[in-house]
Amino acid sequence: MSSIPPGSRFPVPGSAQNQRDSLLSVRDLIKHYQSGGLFGRAAPPVRAVDGVSFEVAPGETLALVGESGCGKSSVGRTILRLQEPTSGQALFEGVDVFSLDRAALRALRRRMQIIFQDPYSSLNPRMTVGSAIAEGIEIHHLAPRQEIPARVSALLEEVGLDPAYARRYPHEFSGGQRQRIGIARALAVQPAFIVCDEPVSALDVSVQAQVLNLLSDLQQHRGLSYLFIAHDLAVVRQIAHRIAVMYLGRIVEEGATGQLLSNPRHPYTVALLSAVPEPDPGARRSRIVLGGDLPSPSNPPPGCPFHTRCFHPLKNERCRTEVPLLRPIQGTVAACHYAESTPQPEQAGAA
Amino acid sequence: MSRVLEVENLKISFPGGDHTRVYPVDGVSFQLERGQTLALVGESGCGKSLTSLALLQLVPPPGRIETGSVIRLGDTDVLALQGEALRRIRGRRIGMIFQDPMTSLNPVFTVEDQIVEGILAHFKMARAKARERALQLLQEVGIPDPEQRLKAYPHQLSGGMRQRVMIAIALAAEPEILVADEPTTALDVTVQAQILEVLDRLRTSRGMAVLLITHDLGIVAGRADRVAVMYAGQIIEETSTGRLFANPSHPYTQGLFASVPRITGPLKRLNPIRGSVPAPAAWPSGCRFRPRCPKAFDKSELEPPLLPVEPDHLMRCWLAEQQGAGTRQEPGTKS
């Protein structure tokens with residue numbers, strides 16, 4: 001039983017025409033983790049993802065942004081069926097992902113890939129880089145055996161690595177190089193869609209910039225779609241066409257990148273933006289420092305999930321009792337009862 | 001301003017195989033004034049964390065601090081201290097907090113046990129009195145409901161709360177200097193903002209000096225008075241925060257700025273430094289940034305000293321000798 005009223009099946013902006021064009025369409029996705037108590041006593045489930053809907057168009061990057069525990073990674077993993085959803089629907093190229101059997105799922109994974117924050121943990125340390133990249137090509141019979149080495153070389157070059165690296169092992173590489181290997185491995189099966197789960201968070205800034213540029217270039221050359229999961233809004237601004245901000249398992253605001261960053265309507269988006277440390281002492285904006293901690297996703301507050309930390313001057317009883325639905329407002333969709341008058345980053349400090 | 005710490009020509013070496021030694025920290029000098037925040041900025045492997053560990057003689061073996069290195073804490077020659085004398089400055093005069101508080105907190109003791117232990121290690125007082133002090137400290141670092149939190153075990157706290165507890169433990173000994181090694185790197189941005197506020201407040205209210213180790217220029221901009229940028233074991237640029245951001249001069253610093261994605265201003269493709277930081281054994285002769293530097297020239301084959309760019313602004317690059325080299329505005333900085 002979800003705490004979301006059925007009325008929350010909100011219309012995504014432009015969804016009428018997007019429905020036809022979208023590569024991936026996710027509806028009311030719910031993922032609850034049932035943590036059985038140690039002695040069989042059932043604990044309340046962790047509502048990691050609590051009714052999430054979005055669309056990704058071909059060639060588009062949608063960023064899922066939020067802090068740890070907001071459910072963004074669970075969304076990515078559930079869509080790929082690396083974890084089974086509790087309920088909801090995901091249509092990828094018109095196929096209902098959650099109803100596929102094992103064989104069909106395998107075929108689907110050729111079209112949907114994932115890259116992780118720490119590529120090292122997803123690379124087999126005893127397998128050469130070349131075999132790791134070739135694995136997908138072999139499994140999906142994408143090239144005759146004798147052509148595979150040439151494919152691997154081409155992929156390594158495409159991600160900016162020396163083709164001679166194919167004979168080496170993962171431990172011989174730096175973090176940035178491993179992330180490039182992870183990307184080459186994902187690209188090997190010619191996917192249309194890649195879930196990028198915090199792909200640059202563990203990298204130093206100079207390497208992070210290299211990988212971000214690489215991901216943009218690959219998107220242009222190959223027409224890829226990305227679901228880009230990240231916590232850093234400045235990074236996301238660099239790569240995303242649209243941004244969905246998550247809080248406690250739900251999307252609280254979604255919109256085009258420029259629109260959402262310049263005119264955020266949800267107070268949580270405003271707080272996230274104001275917390276980004278900008279490398280410019282002159283730009284020292286008034287900071288909103290949120291009080292308190294993230295509530296537990298196994299016991300989310302009633303009403304608006306953000307009300308316990310919200311600084312909106314109009315916050316009132318309604319916020320504590322009535323769940324705000326996502327609704328279009330000045331260019332984005334936001335789930336706030338008072339989104340029309342949300343203080344903007346420059347005013348909010350005074351509020 | 002009074003000087004609380006002086007580091008001169010700090011060299012740390014590790015065995016490099018074949019009876020050679022490598023120098024991940026190679027001739028680092030800086031000073032810290034009372035009430036000031038100095039940021040040591042650099043990417044992984046630049047030697048910033050090792051530098052901070054050396055301040056308390058905590059360099060892990062087989063690493064060692066080379067003779068000729070000097071660390072002066074007021075009148076105390078830190079590197080001459082041993083045993084009890086060394087233990088008396090650890091925590092008491094220089095406190096440290098690290099990136100991951102969970103590794104520094106003991107999981108089987110409550111917050112109260114750990115703070116009180118910290119207080120009693122440095123001050124003679126009754127346990128009840130120490131508990132009262134612990135309560136004050138938790139309030140000072142902005143922990144809500146401190147009475148309850150005293151009874152909590154570390155795993156019952158969020159990451160931000162744990163880091164506050166770590167800061168409270170570090171403060172228990174009332175150190176003159178707080179070394180904060182990537183104190184917010186593992187935290188979410190909204191929590192990071194909270195913790196940085198706490199550190200700022202404490203610095204002002206206690207007149208503590210802070211050595212802030214970070215890779216994030218954004219944190220530096222809001223919080224530090226001075227900045228030393230490190231690359232390959234050396235400080236390569238040092239000046240006030242205002243000057244560094246107005247006029248980043250070393251090609252490495254400029255490259256870092258061009259690599260950082262911004263949340264405001266025009267959106268443009270990032271212009272990263274090519275390659276990555278080499279391992280200490282592979283540092284080139286001459287200027288260590290030379291193989292990655294877009295501005296390298298003949299003279300870069302000689303090792304540059306720190307040279308003045310403008311008053312109170314030094315960089316380790318021969319370009320400083322050329323007139324006007326340091327006054328050009330780089331894209332991405334405020335003009």
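1. A residue is counted as buried if 20 or more other C-beta atoms lie within 10 Å of its own, with C-beta atoms placed from the backbone. By this criterion, 48% of the 351 residues of chain A are buried. The structure under review is a predicted model.

2. On confidence, chain A has a mean pLDDT of 87, and 89% of its residues reach 70 or more.

3. The secondary structure of chain A consists of 13 helices and twelve strands. As to contact range, among contacts in chain A between residues at least 6 apart in sequence, 67% join residues at least 24 apart.

4. The largest nonpolar core comprises 193 residues, and the residues with the most contacts inside it are A:Phe228, A:Val236, A:Val245, B:Ala168 and B:Ile177. Helix α7 of chain B (residues 159–172) supplies the largest share of this core, namely nine residues. Because domain 1 (3–224) and domain 2 (230–321) of chain B both give residues to the core, it lies between them.

5. Leaving aside residues up to four places away in sequence, A:Phe228 touches A:Thr61, A:Ala63, A:Cys196, A:Val236, A:Ile239 and A:Ala240.

Conventions
Residues are numbered from 1 along each chain as its sequence is written. Chains are lettered from A and ligands numbered from 1 in the order in which they are written. This is a predicted model: local features need pLDDT of at least 70, side-chain atom pairs count only at pLDDT 80 or more; totals for chains, interfaces and linings use all residues. pLDDT is the predictor's confidence in each residue, from 0 to 100. A nonpolar core is a set of buried Ala, Val, Leu, Ile, Met, Phe, Trp, Tyr and Cys residues joined through C-beta atoms within 7 Å. A residue is buried if 20 or more other C-beta atoms lie within 10 Å of its own, exposed if 12 or fewer, and partly exposed in between; C-beta atoms are placed from the backbone. Helices (H or I, at least four residues) and strands (E, at least two) are DSSP runs, numbered from the N terminus. Domain bounds come from an automatic or database domain assignment. Two residues are in contact if their C-beta atoms, placed from the backbone, lie within 7 Å.
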